[in-house]
Amino acid sequence: MDSCYATLKTYNHVVHPVNNKFSRERVRHSLKSRYLSAQFSKNLRAENDGRKIKPGVAFSVLTSDFNQQEVKESFQSFFESPKADPKSVAAVILGGGAGTRLFPLTSKRAKPAVPIGGCYRLIDVPMSNCINSGIRKIFILTQFNSFSLNRHLARTYNFGDSANFGDGFVEVLAATQTPGEAGKRWFQGTADAVRQFFWVFEDAKHKNVEHILILSGDHLYQMNYMDFMQKHINANADITVSCVPMNDSRASDYGLMKIDHTGRIVHFAEKPKGPDLEMMQVDTTLLGLSDYESVKYPYIASMGVYVFRTDILLELLKWKYPSCNDFGSEIIPSAVGEYNVQAYLFSDYWEDIGTIKSFFDANLTLTEQPSKFEFYDPKTPFFTSPRFLPPTKVDKCRIIDSIISHGCFLRECSIQHCVVGVRSRLECGVELQKPLLCAGDVAGGRSSSSRDAHLEGVAAEYQLFFAQSTFY
């Protein structure tokens with residue numbers, strides 16, 4: 001395409017193009033520069049035999065075969081935000097506390113190692129979300145009952161050689177004691193756990209990590225984290241908090257926020273009660289909810305999923321708030337006034353598996369038709385440890401809306417809306433309706449006390465079988 005530059009005044013003169021070409025790439029890179037005017041003028045002077053270019057004089061491009069579509073695409077790209085790059089993101093998955101509200105599920109395992117959906121572990125949810133989002137730099141912070149979790153991670157998420165996964169890795173950062181008075185403390189909270197290992201992110205091999213994604217290891221949801229990252233980048237945010245609409249009955253269990261019309265968080269309160277809770281009610285139509293939905297869900301709740309710019313996270317943890325130990329109750333509320341803290345609305349299914357009731361409800365949600373959440377989307381598969389068990393054998397059984405894991409044996413029984421874990425055995429005459437059986441459970445048998453068992457709505461602390469469980 002032949003072209004030349006020309007001014008738009010009466011003393012027009014032609015600026016000879018370099019190589020008789022109009023380079024769209026050269027102009028694009030020049031216009032993106034911080035010194036747009038100065039550099040563009042300098043280039044024109046160079047291409048105009050050094051003659052001075054007067055300020056205020058417009059220059060145009062004369063072409064013989066003007067392509068409107070190419071020029072339109074070029075100028076659209078001038079104003080686009082940078083695309084989120086998963087290689088610049090490191091994910092930190094928090095292993096959780098002692099998990100007392102999930103006892104006895106957490107008697108021998110950490111919360112992220114608790115089974116979900118028959119054959120998965122809770123840690124498989126954020127791990128699979130990271131892998132499906134292209135994030136390959138993953139840290140897991142652990143402290144309580146971590147043996148089962150560590151074994152599962154080693155068996156499942158071995159990224160192998162660098163030829164397949166580049167610089168990807170899965171690193172377990174276990175709570176440990178170090179020299180000095182401060183080094184004798186265990187993790188005091190979510191922020192303190194990240195603070196104690198922040199030297200890892202300052203290592204030279206992680207110098208390209210621009211954003212740190214903080215995740216919880218005990219949630220059930222499916223999210224493309226790069227959509228979350230793109231919102232963070234587009235808003236030029238220092239911190240972005242993923243949030244969901246919340247109803248009155250559960251609002252006090254979560255961090256609540258108020259936002260302005262741009263999506264910026266203007267107030268954040270962690271688990272408010274009474275009058276403080278009422279003050280956090282907002283018009284959730286700002287999030288795109290209908291009038292009916294906004295009445296039903298008058299609160300905006302934090303999911304406990306955050307993304308920080310790496311330098312901002314370092315500044316907050318080491319210099320601004322070195323004594324603050326928790327993200328939700330201390331770091332985020334303190335940062336709202338001084339930093340650009342944005343909200344990202346997550347509009348799909350999400351559940352915090354923090355209690356026996358929520359654990360029970362989330363599992364049975366998987367048996368609903370249609371299900372609010374499922375593990376079966378081939379585009380976003382969920383990964384777990386291969387156990388190499390035989391297929392489940394079913395002999396003269398009645399099964400309705402249930403999930404049967406592998407390695408089970410079912411004989412002349414009836415189950416409805418059930419989740420049956422791996423290696424479970426159901427004998428003659430057993431009738432189950434809305435129970436939840438974990439791995440290795442046995443119902444029915446030859447003894448008169450266990451034969452013809454009828455269980456309805458059974459959950460862990462209410463009679464769930466754990467005596468023979470080996471799913472640690």
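Trainee: Does Leu94 count as buried or exposed?

Mentor: This is a predicted model, so keep that in mind. Leu94 has 12% relative accessibility, and the cut-off for buried is under 20%, so Leu94 counts as buried.

Trainee: Which strand does Leu94 lie in?

Mentor: Strand 4, which covers residues 89-94.

Trainee: And what is Leu94 in contact with, leaving aside its neighbours within four places in sequence?

Mentor: Pro112, Leu141, Thr190, Val194, Ile214, Leu215, Ser216 and Gly217. Take Leu141: 47 residues separate it from Leu94 in sequence, yet their C-alpha atoms are 5.1 Å apart in space.

Trainee: Switching to helix 8. Which residues are buried there?

Mentor: Helix 8 spans residues 225-234, and Tyr225, Met226, Phe228, Met229, Gln230 and His232 are buried in it.

Trainee: What caps the N-terminal end of helix 8?

Mentor: Asn224 does that, with a side-chain oxygen 3.0 Å from the backbone nitrogen of Met226.

Trainee: And what follows helix 8?

Mentor: Asn236, and its phi is positive, near 50°.

Trainee: OK, on to strands. How many bridges join strand 11 to strand 15?

Mentor: Five, and the two strands run parallel. Strand 11 is residues 239-246. One of the pairs is Ile239 with Val341, its bridge partner in strand 15.

Trainee: Why is strand 15 largely enclosed by the rest of the structure?

Mentor: Because four of its five residues, in the stretch 341-345, are buried.

How values were computed:
Residues are numbered from 1 along each chain as its sequence is written. This is a predicted model: local features need pLDDT of at least 70, side-chain atom pairs count only at pLDDT 80 or more; totals for chains, interfaces and linings use all residues. Side-chain values use heavy atoms; hydrogens and water are left out. Buried means under 20% relative accessible area, exposed over 50%, partly exposed in between (1.4 Å probe, protein chains only). A polar contact is a pair of N or O atoms within 3.5 Å; within protein, one must be able to donate a hydrogen and the other to accept it, and residues adjacent in sequence count only if both atoms are side-chain atoms. Two strands pair if DSSP finds at least two bridges between them. Contact means heavy atoms within 4.5 Å.
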